[in-house]
Amino acid sequence: MDNASRPPTQPPAPTTTGASPGTRPGTPTAAPALDLTASPVALTRALVDIPSESHHEAAIADAVETALRGVADRQAADHPDLPAVTVDRNGNTVVARTHRGLGRRVILAGHIDTVPAADNLPSRSAPGADGTEAVHGLGSVDMKSGDAVFLHAFATLAASPDLTADLTLIQYEGEEVATRFNGLQHLADDRPDLLGGDVAILGEPSGAVIEAGCQGTVRVKVTAHGRRAHSARAWLGENAVHALGPVISRVAADEPRQVDIDGCGYREGLNVVVAHAGVATNTIPDEAWMFVNFRFAPDRSVEQALDHVWEVLGVGTPEAPADGFALEVDDAAPGALPGLDRPAARALVEATGGRVRAKFGWTDVARFAGLGMPAVNFGPGDPGLCHTPGEHCPVHMIETVSDQILRYLTTPEAS
């Protein structure tokens with residue numbers, strides 16, 4: 001969840017489609033069997049138990065691909081009158097689609113990678129923070145419970161006479177790291193034909209409530225240069241940390257803007273998230289740098305967001321920095337407007353009880369919004385537990401989201 005909150009990560013050696021490189025040395029490459037018709041709760045545990053840290057998703061992608069090809073084979077055998085389910089793979093991203101000509105297409109998308117483990121594997125079942133039964137383990141919230149719901153829905157409905165929309169299921173790699181590794185972005189570059197649809201649902205944890213749109217994010221690196229000297233003769237040097245200090249103060253003083261869009265309230269925030277300096281305890285530092293992250297409401301473009309950042313920092317722009325400074329855009333991703341005025345999005349909100357709120361973090365709904373498609377976040381789990389050692393997802397949330405997704409996909413579109 002929210003890749004732009006993490007520093008850039010270097011990838012392993014490139015992998016090839018359908019192969020298992022990308023697993024850790026010594027890791028078995030055989031794909032474990034997944035039963036997609038099992039309960040979404042059982043399927044959540046099965047997915048959690050396949051380690052899939054970012055850049056090491058081959059084993060889980062193999063398992064998902066094998067299971068989805070099994071769905072396609074069973075449909076071909078049991079329902080030869082129906083158009084075939086197709087399964088495609090791009091790196092460690094797997095896409096399955098129905099082709100029944102149902103008049104509209106719903107995309108169900110979820111990432112299969114996780115952050116590094118924190119002594120929270122394998123999965124276990126135990127009461128959670130609310131006292132009810134929960135699935136505990138890495139990725140149980142972010143977002144293997146959402147993946148389980150979508151995989152179960154696809155397997156259950158692909159050949160069902162009750163299905164009212166064709167389905168595109170996307171299980172993709174590289175969401176938890178820098179944008180350039182994102183499997184959805186790779187699809188947009190390599191196979192844009194797989195991304196067409198009328199509405200997209202991203203299974204990011206949202207507490208079983210529709211979270212519409214998302215805020216954008218930019219991360220910039222600010223470097224101050226000075227001159228090194230012994231601290232006993234500080235007047236012979238220029239302290240880079242001291243030069244950076246006023247910039248930090250300006251960031252801290254920035255007043256966050258609050259914006260209401262389609263009834264969803266977004267709150268912006270500009271913050272220093274990483275800072276580094278120092279040579280030795282008796283040395284004036286000649287360099288100090290920091291990452292500044294700006295989370296901005298989706299009514300701003302990336303360019304407008306960067307303009308605001310440069311204005312607050314007050315040390316120029318990357319093309320024309322102030323003396324002694326260097327500026328670099330490290331990562332940037334646009335936000336997504338809620339799009340709740342679109343019929344396909346309204347129908348989803350109605351089918352899930354009408355509860356909706358703004359998404360504060362950045363998610364891949366922005367990629368679908370960039371394609372002109374309404375997109376929402378809807379998944380089980382408390383997003384506040386993402387990336388924590390105590391990550392766990394209540395069973396009742398998994399079951400609720402599964403029931404509502406199945407209801408939505410079997411409800412005829414209002415005329």
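In this predicted model, the C-alpha centres of domain 1 and domain 2 sit 35 Å apart. Domain 1 is built from two stretches, 40-214 + 336-410, while domain 2 covers 216-333. Where they touch, domain 1 puts in 18 residues and domain 2 puts in 13 residues.

**The interface**

| Item, domain 1 to domain 2 | Value |
|---|---|
| Buried area | about 1,100 Å² |
| Share of that area from carbon and sulfur atoms | 62% |
| Salt bridges | zero |
| Residue pairs in polar contact (both at pLDDT 80 or more) | one |

On the domain 1 side, P338, F360 and W362 lose the most area to domain 2, and the three together make up 41% of what that side buries. As for secondary structure, strand β17 (residues 356-358) gives the most to that side, with three residues.

**The cores**

Now for the nonpolar packing. The largest nonpolar core has 66 residues, and the members touching the most others are L68, I201 and L409.

Take L68 as a close-up. Skipping its neighbours within four places in sequence, L68 is in contact with L36, V87, V94, A96, L151, F154 and L169. There's also a second, separate core of 24 residues, with A224, V292, L306 and L313 among them.

Note on methods
Residues numbered from 1 in each chain as written. Predicted model: local features only at pLDDT ≥ 70, side-chain atom pairs only at ≥ 80, totals over all residues. Heavy atoms only, no water. Core = buried A, V, L, I, M, F, W, Y, C linked by side-chain atoms within 4.5 Å. Buried < 20%, exposed > 50% of the residue type's maximum accessible area, 1.4 Å probe, protein only. Contact = heavy atoms within 4.5 Å. Domains from an automatic or database assignment. Buried area = accessible area lost by both parts, 1.4 Å probe. Salt bridge = Lys/Arg side-chain N within 4 Å of Asp/Glu carboxyl O. Polar contact = N/O pair within 3.5 Å; in protein donor to acceptor, adjacent residues only side chain to side chain. Helix = DSSP H or I, 4+ residues; strand = E, 2+ residues; numbered from the N terminus.
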